[in-house]
Amino acid sequence: MKSARESDRISQFREGFRSVGEIQDARVYGRDPGNPYHDLLYWVSQELKPNLTVELGTCTGGSTSYLAAGSTGKVVTIDIETRPSAIEGLAKFGNVELIHGDTRDPVLAAEIAKRGPFDLLFIDTDHTADQVKAEMALYGPLVRKGGIILFDDIRMHPCMSAWWDELDEEKLEMPELHWTSFGVVFR
Ligand SMILES: C[S@@+](CC[C@H](N)C(=O)[O-])C[C@H]1O[C@@H](n2cnc3c(N)ncnc32)[C@H](O)[C@@H]1O
């Protein structure tokens, strides 16, 4: 059973984000008006003030730009394919480290773990249950108590949707962000 305190944290999170609107920051890019989770990434970074954010799935770096602009802490972002557009787009941020690698690789995860506990983890790779389970097994335990894990597209595939429904964590679903929904886990 969840405590009243944990429930307060969820409702404060939901209410806090409700009034945020589109982030106005000249450094960010890649926002999709039909799926404004990038605004949430920026807002969470501002609120949580993470020393270390880890993102799984950089793609062209749009989400990374929001995570990096919202915080002065380090943002480590991992992708199996490092795209030139991400390198170019993120060059303006002194707090971003791009890592080329497979998020399912335990050697890479052990290397990232040496940076210290994560305050914020954003999981946004292939949105399948097998992969998100592997990523949560490797990276989930590295998120400190009081930290946050964010997931895009939790309902893109039925298998991931079932995984989310069964996930036994203090969690919030934000279907208003995106038709494939968005998940937040509170540690
Ligand atoms: C949906 S995109 C990320 C979008 C980005 N986070 C954003 O919001 O702008 C998914 C990314 O995950 C990467 N990816 C998929 N499987 C991966 C794996 N096993 N390891 C690392 N990256 C992976 C893909 O190359 C792709 O760039």
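**Labels and the values behind them**

Q: Where does Arg31 lie, and why is Arg31 called partly exposed?
A: In this predicted model, Arg31 lies in the loop between helix 1 (4–18) and helix 2 (37–48). Arg31 has 18 other C-beta atoms within 10 Å, and since a residue is buried at 20 or more and exposed at 12 or fewer, Arg31 is therefore partly exposed. Leaving out residues up to four places away in sequence, Arg31 touches Pro36, His38 and Gly62, and the C-alpha atoms of Arg31 and Ser63 are 7.9 Å apart in space although the two are 32 residues apart in sequence.

Q: Why does Thr72 count as exposed?
A: Thr72, which is placed in the loop between helix 3 and strand 2, has 12 other C-beta atoms within 10 Å; because the exposed class takes in residues with 12 or fewer, Thr72 is exposed.

Q: What makes Ser181 buried or exposed?
A: Ser181 has 20 C-beta neighbours inside 10 Å, and as the buried class begins at 20 or more, Ser181 counts as buried. Ser181 belongs to the loop between strand 6 (170–173) and strand 7 (182–186), and its phi is near 70°, a positive value in a residue other than glycine.

Q: What is there to remark about the phi of Cys59, and why is Cys59 called partly exposed?
A: The phi of Cys59 is near 55°, which is positive in a residue other than glycine. Most residues other than glycine have a negative phi. Cys59 sits in the loop between strand 1 and helix 3, and with 17 C-beta neighbours inside 10 Å it counts as partly exposed, because that class lies between the limits of 12 and 20.

Q: Which residues come nearest to the ligand, and how do the residues of its shell divide?
A: Of the 15 residues around the ligand, Gly57, Cys59, Gly62, Ser63 and Ile80 come nearest. The shell divides into three nonpolar, six polar and six charged residues, and helix 3 (62–69) and strand 2 (74–79) each supply at least two of its residues.

Q: How do you know which residues of helix 6 share a side?
A: In helix 6 (residues 129–139), Val132, Glu135 and Tyr139 are buried. They cover an arc of only 60° around the axis, which puts them on the same side of helix 6. An α-helix has 3.6 residues a turn, so residues three or four places apart point the same way. The face turned away from this buried side carries the exposed residues Asp130 and Ala137, while the cover over the buried residues includes strand 1 (52–56), helix 5 (106–113), strand 4 (118–123) and helix 7 (158–166).

Q: Why is the protein chain called as compact as a globular protein of its length?
A: The secondary structure of the chain comes to seven helices and seven strands. Its radius of gyration is 15 Å, close to the 16 Å that the globule rule gives for 187 residues, so the chain is as compact as a globular protein of that length. Of these 187 residues, 34% count as buried, and among contacts between residues at least 6 apart in sequence, 63% join residues at least 24 apart.

Definitions and conventions
Residues numbered from 1 in each chain as written. Predicted model: local features only at pLDDT ≥ 70, side-chain atom pairs only at ≥ 80, totals over all residues. Helix = DSSP H or I, 4+ residues; strand = E, 2+ residues; numbered from the N terminus. Contact = placed C-beta atoms within 7 Å. Arc of directions from axis to C-beta. Rg over C-alpha atoms; globule rule 2.2 N^0.38 Å. Near = placed C-beta within 6 Å. Nonpolar A, V, L, I, M, F, W, Y, C, P; charged D, E, K, R; others polar.
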